Each structure stands twice: as C-alpha cells, then as structure tokens.
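Please read the following report alongside the sequence and the three-dimensional view. It takes up helix packing, strand pairing and a few individual residues in turn.

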Amino acid sequence: MLGNGRQVRRLGIDALAGSAAERYRLPLRGRTPEANAIYGGFERASAGQLAVTVIQGDPGIGKTRLLQHALQHAKERNWSTFVVAPDVDSAMSPLGALLGAAERTEPPLVSANDLGTLMRGMAPQYWLTRLLGDGLETAAARSGVLVVVDDLQWLDPGSLGALTSLLRDLEGVPIYWLFASRNGVFTPAHQRFVHLLKTIGSPIHLTPLDDDAVDAMARDVLGSRPGPKVEKVMGRAAGFPLVVVELLRGLEAEGLLHAAPGIVDIEADTVPASFGASARERLNQISLEALRVAQVGSLFGREFPVAGVLRIIGQSAAEGAPAVQELLDHGFIVDTGTSLAFRHDTVQAAATESLSPTLRRAMTREVLHSRLRAGERPAALASTIVAIAEAGDSDSIELLVTASTQLASTDVQGAAELAILAARLAAGQAHHAEQVATLLPIILAGGPLEQAINVGRSLAPFLGPDSRARVRLAIARRLTESDFEAAIAETSSALALPGISDSTRVQLLAVRALNFANMANPAGLRTSLEQARAVADDDRDGLALATLDASESVLFFYQGQFDAAQRLQRQALGRLVHAGANPAFWLPEGLWMTFVRNSLGFCDEALSLTESGLEEARAARNVTAEAYWMMVRSRVLYDLGLLDEARTQAEAVLDLATQLGLGDFTNATAGVVLHRVSLHTGDVRLREQARPLVQQLADGAGLVRTGRWSLALEALDAGQTAAAFEHAALALATLMEPTPSLTTPSDFSDDITLVTICTAVGDEAAMDLCVAKTDSREQLNPSNVFAGAVAMATRGVRNRSVEQLTAAATRLEAVNRPLVRARVLESLGQLAEGTEATTALREAVAIYHEVGAARDADRVLRALRDRGVRTRLKSANNSEGPLGLTQREQQVAERIAAGLTTKQIADDLLLSPHTVVAHIRHIFAKWGVNTRHEVATRHDELVGALNDA
C-alpha cells in the first residue's frame, strides 16, 4: 500500500500484522547499529543509489519492530510507503499479497477494473509489475518511497519474480527496499530471492538483545527501573523482545508487580501463569464465544474480515462484539483499521489446531464456500482447497480444476501441483476423468514429464477414444521440445486408436509432421502430410494445416529450396487468417517468414515486418508476442550492423523473457546476438554477461549446435583456432543435412567463418565440405544474391583466391549486410598485396568503425600498421553525438530531464518499457552516474554548455 507521509500510520505501520496494538508499540531498544544501517539506506536511496536491506532472524526477535521504526522514519521524512505483508497462505495465492497492497493504496495503484482485466489477461505478473513500477516511480518523483516487505518467506513465486523485476527496472529511482524474513530454508524461489538481496544489498542478522536493552525495555513497560527479581525473571526471555514484553505484561495483568522505592519488583521469583503456556493453552482460558471467533478467523488466514467470520457463526456485529473485544483485550488479535489480524502466526496456528480434524475440515469447507460466494477466486484459495480435498470429493475436484486453470498464467508449477492432486483424487472415477484430462497441458507445462505421462495413462481407461488421443496429443506436443522420436511414437499410438475424430487425427498428424521435420526425415514428413491432407477440412482444420505448411516450409528452407519454403509459409499464414487468427500472435510459427526474409539477405524488409508485428502486439497488449517480435528484431538489427540498437533490444528482450519464462528460444536469438555484439565490440563485461547464455545452449539438448557455434566464434576471436575447430565439429558433422548446423535460424555468412576456421587448422576435407554446402545452396537458388556472394566468398577463402574474394565483396554491395562485407574485405586484404590489400583493409576498417565494431576495427588497423600504413578514421554516423550518447539515448535523456517516467518515455518514443530501461542503463554507464536525477542534471549542464558555445 502506497501512502504519503501523513498517512503512514494507518497505511504503513498498521499494515504489518500485529503492529497496531499500542500496548506492544514501545521505543526501539538495543538496535542502534541496525537503526543506523536503515538510516543509511534512506540516505543512499535519496541519492538515487540502489538501497536494499534484508533483515533476518527468528520469530519474536524484532524484525517487524525494525520495520515499524523504518516506517516511522519515512513519515518523518514525508516519504511515501508501500507495505506488503503476506501470511502463510500467500505462497499459494499468486500475486495476492502484492495485489492486496496495491489495492489498498490511496489512490489505489490497481483499481478493481484493472485487477479483473489483469488477472484474466495474458502475463498478469508482467502487467502487475508494470503497474506497480509506474506507480512507485511516479511517487518517487514527488518524494522518496520506502518499500517494506514483511514475512518474505510467505510470498508466492510470482510476487518474488515481480519484485526482482522492479528492483532491476527502477534502478536510479529514489526507493529504499526493506525486506524481513525468518531464518530457515523455505521455497527455492525464496532462497534465490534472498541470495539476490544479499548480493545487491546489506543484510542485517538480528540476535537477542543484551541485558542493557532488556532493562531499557522493562523501564518502558513498567515506567520504572525493574527490581532484581524482575530482572531475574526477564532472563527467561533470552533477549527476545516479543517474549520480554509478553512476560512483563503478564506480570502486570496478574497483579504480581509491586512498587518499591525507585523500582518495580515482584514478591517472589515467579512468572505469570500465562508465560510458558502455549498459545493453545491460553486460548482455552477464554470464553467459548471468543474461542469460536478465533477458530473461524484462523481458517481465513493471518488477517480476517470480522463480517465474514460473524456471518459464518450466524451473529450480527452487535452480537459478536463482546467475543471480538475479549480477543482484542487479551492481545490475541489486533485491529488493523480495515480488518482483524492475529498478533502472531503462532496464535493463528493454535486457534486452528484447537479444532478436531473432522470439525476443522467441515468448518474450513464452510469458510471456503463463504469466500467463494463473496467473489474470491479459487486460485487465491488454493491452499484452503488442498486442505479439505478428499478422494472422490466432487466439489473439491471441481474447485481444484478451476484453481489450477486460474493459477496457470502466474504460477504454472503450482497449477500443475493442483492438477496432479485433482487427478489423484479422481482416480478410478469415470465421471471426473474427462474434466481432469483438460488439465494435462498444465501438468505438462509445469510438472515433471514422467508424472504427466503417468496421469495421462491413469485417465486413459476412463476416457473415450478421442479424449485418449487428445491426451497423447498433449504429451506429444511436450515431447516435441526434447525427444522427436518419442513424440512421433506418442502420435503413432494415438493414431492407432479406433474411433478418433478426423479433427483430432489431423492435429496428431500435424505434430508428427513437425517432429519428422525436426528430425530432417522427408519421407516421414511427406507421409504425414499426405495422410493429414486426405482427411483435413480447410474450414475445420485451418490451424493444424497451417502447422503442416509451416513445418514443411522449415524443411524446404534447410534443404535450400527457398522459393518453395516461402510459398508454403505464405500459404500457412493465409490459412491462419482464414481461421480468424492473427499471424502476429502465432508463436513461434508466425515469425518464420521474417526470419526467412532476413536470412535470404532482405534485412530491411525483415525489419519492416518486425515493426509491424511489434505494433500489433503492443496494440493488443500481448506481451508474449511483443517479446518474440523484439527477439526477432534484435537479430535483424544485428545483421544490419546496427550493433548498439541490437544490443539494447537484446538486453530488453532477455529481461522480458526472464519474466515470461520464454527460455532457450530467446537465448538462441537475443542471447546469441548479445554474445556476437560483445565479440565485435570487444566489450569484455558484455561478453561475460552473454557467455552463460550460450554455454547453457551448448550444454543443453535442443539447441546444442547454436551454443557450440557461439563458443567457436569466441575461440576464433581469441586466436584459438584449434579450440574453434573443436567446437565446430558438430556443425561440420551435420552441415549437409537439412537442419540448422550453426546459428538458428541460419545465417549463411557463418559458412564463411566456418571455412576460415577449417583453413586455419589445415583440414582440406572440412574446407571442401563448406564449399560443397554453399555451392549447393547457390545452385538451388541462382537468383539469390546473398547466397551467391557467400558461396563465392567461401570458395575464395578455400582457394585463397583474391579474384573470388573480390567478386564476393562486389556482390555484397547489393546486400545490406555490412559486417559480412567487411569480413570478406578483411580476408581479401590478408591475401592480396600492395595497393589492392591496403584498399580492401581500409574499406573493411571503415565499415567496422561505422557500425561500432571496435575490436574488429582494431584488428584490421593492426594489419594495416604491420604493412606500414597509418589510417585516420572519420567520425562514424553510428557514433555518439555531442552529448556522448546515441540518438535514441539522447532522446531518453531529454525526457528524463523533462521529468517523464519510464512509461511516459516508452509511450512517447513508441518503445517497450524494457527497452527504455536498457537505454537508461547505457546512459548511466556512459555518463558515470547512478540516478535519474543525475541524468537530468548532467543533461541540462551539457545542453547549456553547447548552447553557450
């Protein structure tokens, strides 16, 4: 919840469960170093520096009290605050704690309409992150913002992912991030997030208070110095502040204290009867009416609505008031101003455990249905549904199905767990089998493949033939990512079932054809195509036929039949449009034509296609499609030699892909682009950032060739030709197969580099293989200028022919691939002599310098110096302007100086927010600043100096 300084008491401090009880709010004692660390965080944030603190400790050690102190300090500084206070049920409530905090802001960061649209739409985690980021950045522009997250260990993975993105995206904004978490091992997502916080921030590990601090707390509670017997009793609290206060309040409540001259003491060495008793024992001492309120409230969670509890009990507010007041008076619950909350989760647990298992289950079911009737989503109540679910319980199974479906968009692993539980509860029941079968795609997406297969097998006996076939279809689609043969076997088994519909048969054949294409098995592909088209209906099966056409198009492309590949892809896109679908959102098949045109050397056309795809994706708020089109755009920009723009786009899409979980596909394009840019520019830091991405590909299963080829390029750049040849071994082994042996999708110019590596190690057979590949491609496509130029250059390197390399360089003048032409000219300069060599090298270095390939330019300059030639480079069109920034970076800096937020800059420049953030990081690095305020100041200073000049 985001509150200004005047609202911090109600919207900030009281948001922390239990903190609203005045009797427990005392001066902070014994935490001077920790308080100073927090003050330092405020100062760092005020300066625009990254300010992150994570407080860790055991329950009762005082974590929440430190957060209260920070919130009070924010009030004194007139800072805004945003407080997230999850409870133990939040782990199964996707984005619930963040949404709750955002809804309770004044004004709300997320309205009720926004919430409904957000949760029903695509990528809710992404859009919530954007909304929160915009709100926090706007508030920070007015004053600083303190973001507090208590009980971090209870947050769901989606919320942790959103916070990770916010920490990165709001770099340089005056925000202080303050987290508190219990000691111990919780979820893997929690462990990763805490590790991140410790890496980028300052950890505070709370230990028990010393004797002086405990004595000071006693003075605060008692109003006088504690006597020797009280001091002895307080030793039993072991320095835990919460226990100290409970002990002293217990002595006071039971009348055991007496005043003596200058002190407050007790008659004997005794403790209050309540001390040492468990929370459950203390609850047994209250009235049955109050206990029932506590029991029902505990089934709602750490925080609960009094109206909802009383409705279940069957009482009005007036009738229930005495019981509620009794719980408040005994300190079991507190009033947060909007609801009631247990003072500590141990109290909530005790109230729940005071119910017998049978009664607890029955009451939980009643609470669950009450909350559902009130409009809460099943996904938000997943942990409650799981708690009451029983085998054969139709109601629970249906709720699990609904919850799993809702949860899938934000936490697919959690959704898969619910789906697996639903399948387990429905085992052996034919009337639930069809319903549970619809969840199999979720299990396949978020659960272990083997478990998904087992669920499918268990459902099969209770399904009709068509449903059984569709189960196998879903499994085959998943297997397509990792095991082509297994996917084909799965579809073959499904196709053998009697009585399946023609529609299902066509879809199965489409998936089988796709996998035959992946295996480069033209016979199997053609058989599948013939069988599918024999029973397909253009109106009914348009999407499946589009997949068939696209699959065959990929095969034809890698067979070198470019015209046929493009014809089939156009046909696939036409089918898609006829089926009422938008090609811009057909992922990844809808990207294929753009990749093809780019690979064939029509890069300017490909760039236009990516711009159209991006425009449609943004207009539809389809963030997944936007990420894919940004990915393609990064590749096209790289091929056009726009290295700085390609880098910015690749960085932006990789950030976005992390949020959306797009994985290896984006790494194979954007990650590879980033790696190649680092090699061209000599940016060691960027290379170290990109190398793990390509190493991951090289060590994986599906895109090994792409990863290993990237490592070969890196080895070649380092002059390690033997290592480069070793990395290229797999590419050479598959070079003549109809498959991408190097980059995915293919970059024909890689063949020039491959033959260069083979030449460097003197492998004649490998050189001949490279020439055979490029000659075959040229012969099949004599009208393609780029394929012909690459073939000529490959022969030139193989034959050490100046004439052939000169011809290749001339042909490349007609293709907008500047880096490829520069590399050919560089090879020409190495072989030629005299003026011809100097001319070629000078032209190569000019191109490298023009596109910002600094390392490549330095390499050629050294070659010229070795020949006794000195060259003065002209200012490049792509170089930085008078402010030391590229044109786009300067536009971003201008808008930061004008006070625009990230969203406003993105809207104004028609960019994605992630691209804006990437530009801002580059500005920080180039100007040596850390904050957006410093960017604005530096911009105005530089512009003023230019105007004065």
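Helix 29 (residues 562-578) and helix 30 (residues 592-599) pack at an angle of about 155 degrees, and the two are therefore roughly antiparallel to each other. Angles here run from 0 to 180 degrees between N-to-C directions, with axes taken as lines fitted to C-alpha atoms, for helices over the stretch in contact; those under 35 degrees count as roughly parallel, those over 145 as roughly antiparallel, those from 65 to 115 as roughly perpendicular, and the rest as oblique. The contact, meaning heavy atoms within 4.5 Å, is made by Q566, Q569, R570 and L573 of helix 29 together with W592, M593, V596 and R597 of helix 30.

This is a predicted model, in which local features need pLDDT of at least 70 and side-chain atom pairs count only at pLDDT 80 or more, while totals for chains, interfaces and linings use all residues. Residues are numbered from 1 along each chain as its sequence is written, and side-chain values use heavy atoms, with hydrogens and water left out. Helices (H or I, at least four residues) and strands (E, at least two) are DSSP runs, numbered from the N terminus.

A second pair, helix 43 (residues 818-831) and helix 44 (residues 834-851), packs at an angle of about 150 degrees, and these helices are therefore also roughly antiparallel to each other. On the side of helix 43 the contact involves P818, L819, R821, A822, R823, L825, E826, L828 and G829, and on the side of helix 44 it involves A837, A840, L841, E843, A844, I847, Y848 and V851. The crossing of helix 43 and helix 44 is left-handed, a term used if the near helix is turned anticlockwise from the far one by less than a right angle, right-handed being the clockwise case. The crossing of helix 29 and helix 30 is left-handed as well. The two packed pairs are set out below.

| Helix pair | Angle | Axis separation |
|---|---|---|
| Helix 43 and helix 44 | about 150 degrees | 8 Å |
| Helix 29 and helix 30 | about 155 degrees | 10 Å |

Turning to the strands, two of them pair if DSSP finds at least two bridges between them. Strand 3 (residues 80-84) is mostly covered, since 5 of its 5 residues are buried, where buried means under 20% relative accessible area, exposed over 50%, and partly exposed in between (1.4 Å probe, protein chains only). In a regular strand the side chains alternate between the two faces of the sheet. Both faces of strand 3 are covered, with S80, F82 and V84 buried on one side and T81 and V83 buried on the other. Strand 3 is joined by 5 bridges to strand 4 (residues 145-149), and the two run parallel; F82 stands opposite V147, and V83 stands opposite V148.

Strand 4 is likewise largely enclosed by the rest of the structure, because 5 of its 5 residues are buried. Its faces are both covered, by V145, V147 and V149 on one side and by L146 and V148 on the other. Strand 4 is also joined by 5 bridges to strand 5 (residues 175-182), again in parallel, and L146 there stands opposite Y176 in strand 5.

Helix 3 (residues 63-76) has 14 residues and reaches 20 Å from its first C-alpha to its last, close to the 20 Å expected at 1.5 Å a residue, the expected span being 1.5 Å times one less than the number of residues. Among the buried residues of helix 3 are L66, L67, A70, L71 and A74. Just after helix 3, N78 takes a positive phi of about 60 degrees.

An open sheet of 3 strands has the order 7-9-8, with mixed pairing. Strand 7 (225-226) and strand 8 (257-260) stand at its edges, each with a single partner strand, so one side of each is left without a neighbour in the sheet. Strand 7 pairs with strand 9 (residues 263-266) in the parallel sense over 2 bridges, and R225 has I263 in strand 9 as its bridge partner.

E552, in helix 28 (residues 542-558), counts as buried at 9% relative accessibility. Leaving aside its neighbours within four places in sequence, E552 is in contact with L525, L529, R533 and L568. D751, in helix 39 (residues 750-761), is buried with a relative accessible area of 3%, and, with neighbours within four places in sequence again left aside, D751 is in contact with L735, L742, K773, T774, R777, V790 and T794.
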